Amino acid sequence: MVTYIDAATAPLKNTGAIRLYDAEAFEGMRRACQLTARCLDALVPMVKPGVTTAAIDRFVFEFGADHGALPATLNYRGYKYSVCTSINHVVCHGMPDDKPLRDGDIVNIDVTFLLGGWHGDSSRMYPVGQIKRAAERLMEVTYECLMRGIGAVRPGARTGAIGEAIQTYAEAERCSVVRDFCGHGVGRLFHDSPNILHYGKADEGPEMREGMIFTIEPMINLGKPHVKVLSDGWTAVTRDRSLTAQYEHTVGVTATGCEIFTLSPAGLDRPGLG
Ligand code: MF3
Ligand code: CO
Ligand code: CO
């Protein structure tokens, strides 16, 4: 049985209940999410062959500090970085290091800023130099998956409608949907109920209601959907080492659909694609 609670008065722990946020919360989320979007915008000219993911990590930390925000991933469940940088066959939770990005890589950069008590969670794919057509196509398909998922958000529909929209399109494009990670409620908590699956059927999952806030963040593979986590405990890779991509937005459910809090103010939601 799914329960909905007033986010303004409910205790700050994930009990499985779904929080419904008021206008003031939406304003707080807009601010946190727009800072995250501006940081992802600022990274566009920086992501080039030769730059290290450690330099990207420092940039994100400093960008947050300059704007009164903390990266929510820093010291989150033992994670030690301000950002996740997931390259080529890395599905998610790639850890920044001193290796330079190479011409032809594709990298997902996932930033979550905590600003004024609210979490803004978003990620984009960045091409590094000149990439292969297959990589470009995977990024296009994955971005379209995200937007089709967002298009299924409206009060009265179930969260499974998001998953169905994503899975149907991904598989029609001969790609596969990662099952091991999902979107999530977000707000004053980084990871909250409900889980947002990127596969499934429209009659599954809880009903969406006005005031819900969650992420949609499909991970789409060129090969099989299966992933494994490396011995570092974080880095998730495709088992078949096939190329993978991900985009993420934070959205709030409105009376008629949803508001995308993390849209790029510069129109750079899909760097390197038209
Ligand atoms: N930002 C990721 C998400 O979209 C979570 C990263 S948690 C970390 O939910 F610890 F790996 F950083
Ligand atoms: Co997320
Ligand atoms: Co994220």
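**Note on the ligand site and its surroundings**

1. Start with the ligand. A nitrogen atom of ligand 1 sits 3.1 Å from an N or O atom in the side chain of Asp110. Keep in mind that this is a predicted model.

2. Two further polar contacts involve oxygen atoms of ligand 1. One oxygen atom lies 3.2 Å from a polar side-chain atom of Asp121. For His191, the distance from a polar side-chain atom to an oxygen atom of ligand 1 is 2.7 Å. Which residues come nearest to ligand 1? They are Thr73, His184, His191, Glu217 and Glu248, out of 14 residues around the ligand.

3. An unreviewed UniProt entry carries the annotation "binding site" for Asp121, His184, Glu217 and Glu248. These residues span 128 residues in sequence, yet no two of their C-alpha atoms are more than 10.9 Å apart, so they gather at one spot. Asp121, His184, Glu217 and Glu248 are also included in the lining of the largest pocket.

4. His184 is in strand S9, residues 183-185. Is His184 buried or exposed? Its relative accessibility is 5%, so His184 counts as buried. The side chain of His184 makes a polar contact with the side chain of Asp121, at 3.0 Å. Beyond four places in sequence, His184 touches Asp121, Glu217 and Glu248, among others. Its contacts also include Phe190, His191, Asp192, Pro194 and Ile196. Phe214 and Thr215 are on the list too.

5. Glu217 comes next. Glu217 lies in the loop between strand S11 (213-216) and strand S12 (219-221). Glu217 is buried, with a relative accessible area of 8%. Its side chain makes a polar contact with the side chain of His184, at 2.9 Å. Setting aside neighbours within four places in sequence, Glu217 is in contact with Asp121, His184 and Glu248, among others. Cys182, Gly183, His198, Gln246 and Tyr247 are also among its contacts.

6. Taken together, the side chain of His184 has polar contacts with two annotated residues. One is with the side chain of Asp121, and another is with the side chain of Glu217.

7. Now His89. Where does His89 lie? His89 is in the loop between S4 and strand S5 (90-92). Its relative accessible area is 19%, and the cut-off for buried is under 20%, so His89 counts as buried. The side chain of His89 makes a polar contact with the side chain of Arg241, at 3.5 Å. Leaving out residues up to four places away in sequence, His89 touches Ala236, Val237, Thr238, Arg241, Ser242, Leu243 and Thr244.

8. Helix H2 covers residues 53-66, 14 residues in total. From first C-alpha to last, H2 reaches 20 Å, close to the 20 Å expected at 1.5 Å a residue. Its buried residues are Thr53, Ala54, Ala55, Ile56, Asp57, Val60, Phe63 and Gly64. What do the buried residues of H2 pack against? Helix H1 (23-43), strand S4 (84-87) and strand S6 (106-115). Gly68 follows H2, and its phi is positive, near 75 degrees.

9. On the domain record: the unreviewed UniProt entry annotates residues 27-255 as "domain: Peptidase M24". In the model, the end C-alpha atoms of residues 27-255 lie 16 Å apart. The span is 28% helix and 26% strand.

Technical notes
Residues are numbered from 1 along each chain as its sequence is written. Chains are lettered from A and ligands numbered from 1 in the order in which they are written. This is a predicted model: local features need pLDDT of at least 70, side-chain atom pairs count only at pLDDT 80 or more; totals for chains, interfaces and linings use all residues. Side-chain values use heavy atoms; hydrogens and water are left out. Helices (H or I, at least four residues) and strands (E, at least two) are DSSP runs, numbered from the N terminus. The expected span of a helix is 1.5 Å times one less than its number of residues. Buried means under 20% relative accessible area, exposed over 50%, partly exposed in between (1.4 Å probe, protein chains only). Contact means heavy atoms within 4.5 Å. UniProt positions are given in the numbering used here, feature names are shortened, and annotations may be inferred rather than shown by experiment. On a 1 Å grid over the protein atoms alone, a cavity is a set of points where a 1.4 Å probe fits but cannot get out, and a pocket is an open set with protein on both sides within 12 Å along at least five of seven lines; lining residues have an atom within 4 Å of a point. A polar contact is a pair of N or O atoms within 3.5 Å; within protein, one must be able to donate a hydrogen and the other to accept it, and residues adjacent in sequence count only if both atoms are side-chain atoms. A residue is near a molecule or strand if one of its heavy atoms lies within 4 Å of it.
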